[in-house]
Amino acid sequence: MTDTAAADILADVHRGVGRILLNRPKALNALTADMVVTIDRVLAEWEHTPLSAVVLASTSTRAFCAGGDIRTIREHSLAGDAEASERFFASEYRLNARIAEYPVPVVSLIDGVCMGGGLGLSIHGTFRVVTERVVLAMPETGIGFFPDIGASYFLPRLPGAIGMYLGLTGHRLDAADALYTGLATHFVPAEGLDAVGDALADSPGEPVDVVLNRLAGRSPVAGSRLAEVRGDVDWAFGAPSLGEIEKRLRHLDTPWAADASAALESASPQSLEITHALLARGRQQTLRECLDTELALARTTIRTPDFLEGVRAALVDKDRTPRWQRASLGGGTLPS
């Protein structure tokens with residue numbers, strides 16, 4: 001672990017509650033390889049410590065975690081250093097699995113932006129607390145990648161076809177939508193978020209759910225825009241193929257369907273094919289099987305022109321005009 005990683009991750013145990021703070025605010029807490037290794041090491045050490053809960057949070061109000069440091073992955077690919085990228089993904093997915101199987105409740109306090117790898121840190125934990133400022137998304141198809149960090153496990157397990165919709169389009173969810181889908185478990189106003197750790201420490205014998213409900217504000221879930229279009233989401237994105245999804249969206253001819261169509265049109269065709277096949281299969285796999293499949297896919301995808309071009313357009317030059325190669329990976333074939 002480098003000194004930089006130590007500064008980027010702050011960890012301590014306070015009255016029986018483990019606390020891990022993401023502290024790379026200028027990069028919206030984008031996860032570096034060192035940060036992933038540090039979190040994993042801390043959690044491994046704490047498995048032998050008597051804790052009532054572990055809290056994951058951010059020192060910034062702008063972001064919980066904007067994802068993995070994907071620009072560095074692109075740099076590795078351009079430099080021909082595929083092994084560095086593979087080490088990053090392998091360690092990140094190992095951390096996702098550890099969080100999912102952790103012996104005490106992991107409570108993520110999600111304020112601001114939480115995308116990609118940020119969802120990998122939070123969604124696999126027991127409780128996901130969101131504030132009114134939250135923005136959740138899996139935007140990978142827009143950068144020539146695919147929803148990873150176990151998304152092929154948790155997205156297909158959301159109600160109806162919501163997971164397929166989110167995975168293909170990268171649609172951004174607010175607090176109401178996050179609660180409606182089940183990606184979030186509790187709503188606490190931003191001003192009350194700092195009190196969560198102390199409340200858990202004050203009540204070590206109580207179920208975490210009860211403690212969080214005491215702190216909760218009035219849930220905004222009744223205002224979920226996703227709930228309003230749920231029938232259309234399930235019909236369109238429950239279609240058996242990408243072509244049929246696009247056909248059904250055109251048939252609906254609504255503002256929501258037009259937005260969804262535009263999102264698909266702007267995404268990498270290669271990424272859409274991979275994602276559709278991945279999520280369809282993921283419903284019948286365990287989390288560890290999904291992570292193994294994703295790792296095999298990541299190895300090949302980060303070498304493709306669409307990935308290099310997608311990251312360039314979104315994160316390097318930031319011109320937002322990727323020029324996709326209209327080629328597929330054999331019609332969405334996945335590694336066996």
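Reader: Hi! Which elements each supply at least two residues of the lining of the largest pocket?

Author: Those are α3 (70-78), α4 (82-100), β6 (113-115), α7, α11 (225-228), α14 (255-266) and α17 (305-316). Keep in mind as we go that this is a predicted model.

Reader: Thanks! And which one gives the largest share of that lining?

Author: That is α14, which brings five residues to the lining of the largest pocket.

Reader: How much space lies in the largest pocket?

Author: The largest pocket holds about 1300 Å³ of space. It is lined by 48 residues, and those closest to its centre are M115, P139, I143, R172 and R320.

Reader: Okay, on to the second largest pocket. How much space is there?

Author: About 370 Å³ lies in the second largest pocket. Its lining has 19 residues, and A57, S58, L109, L193 and D194 are the ones nearest its centre. Two or more lining residues come from each of β2 (17-22), β3 (53-58), β4 (63-65) and α9 (195-202).

Reader: Which element gives the most there?

Author: β3 does, with three residues in the lining of the second largest pocket. By class, that lining splits into eight nonpolar, five polar and six charged residues.

Reader: Changing topic: how many cavities of 30 Å³ or more does a search of the whole structure find?

Author: The search finds one. The largest cavity has a volume of about 40 Å³.

Reader: Which residues line the largest cavity?

Author: L119, L136, A137, M138, L155, L166, L173 and L183 line it. The class count for this lining is eight nonpolar, no polar and no charged.

Reader: How does α7 pack with α12?

Author: α7 and helix α12 (residues 230-237) pack at an angle of about 75°, and their axes are 8 Å apart. The two helices are therefore roughly perpendicular to each other. On the α7 side the contact is made by I162, M164, Y165, L168 and T169, and on the α12 side by R230, V233, D234 and F237.

Reader: Nice. What classes are in that contact?

Author: The contact of α7 with α12 has six nonpolar residues, one polar and two charged.

Reader: What about α15, at what angle does α7 cross that one?

Author: Helix α7 (residues 162-169) and helix α15 (residues 269-282) have axes that cross at roughly 155° and come within 9 Å. So α7 and α15 are roughly antiparallel to each other. As for handedness, α7 passes α15 in a right-handed crossing.

Reader: Which residues make the contact?

Author: G163, M164, G167 and L168 of α7 make it with L272, T275, H276, L279 and A280 of α15. Here the classes are five nonpolar, four polar and no charged.

How values were computed: Residues are numbered from 1 along each chain as its sequence is written. This is a predicted model: local features need pLDDT of at least 70, side-chain atom pairs count only at pLDDT 80 or more; totals for chains, interfaces and linings use all residues. Side-chain values use heavy atoms; hydrogens and water are left out. On a 1 Å grid over the protein atoms alone, a cavity is a set of points where a 1.4 Å probe fits but cannot get out, and a pocket is an open set with protein on both sides within 12 Å along at least five of seven lines; lining residues have an atom within 4 Å of a point. Grid points are joined across faces, edges and corners, and a volume is the space filled by probe spheres set on the points. Ala, Val, Leu, Ile, Met, Phe, Trp, Tyr, Cys and Pro count as nonpolar, Asp, Glu, Lys and Arg as charged, and the others, Gly among them, as polar. Axes are lines fitted to C-alpha atoms, for helices over the stretch in contact, and angles run from 0 to 180 degrees between N-to-C directions. Helices (H or I, at least four residues) and strands (E, at least two) are DSSP runs, numbered from the N terminus. Angles under 35 degrees count as roughly parallel, over 145 as roughly antiparallel, 65 to 115 as roughly perpendicular and the rest as oblique. A crossing is left-handed if the near helix is turned anticlockwise from the far one by less than a right angle, and right-handed if clockwise. Contact means heavy atoms within 4.5 Å.
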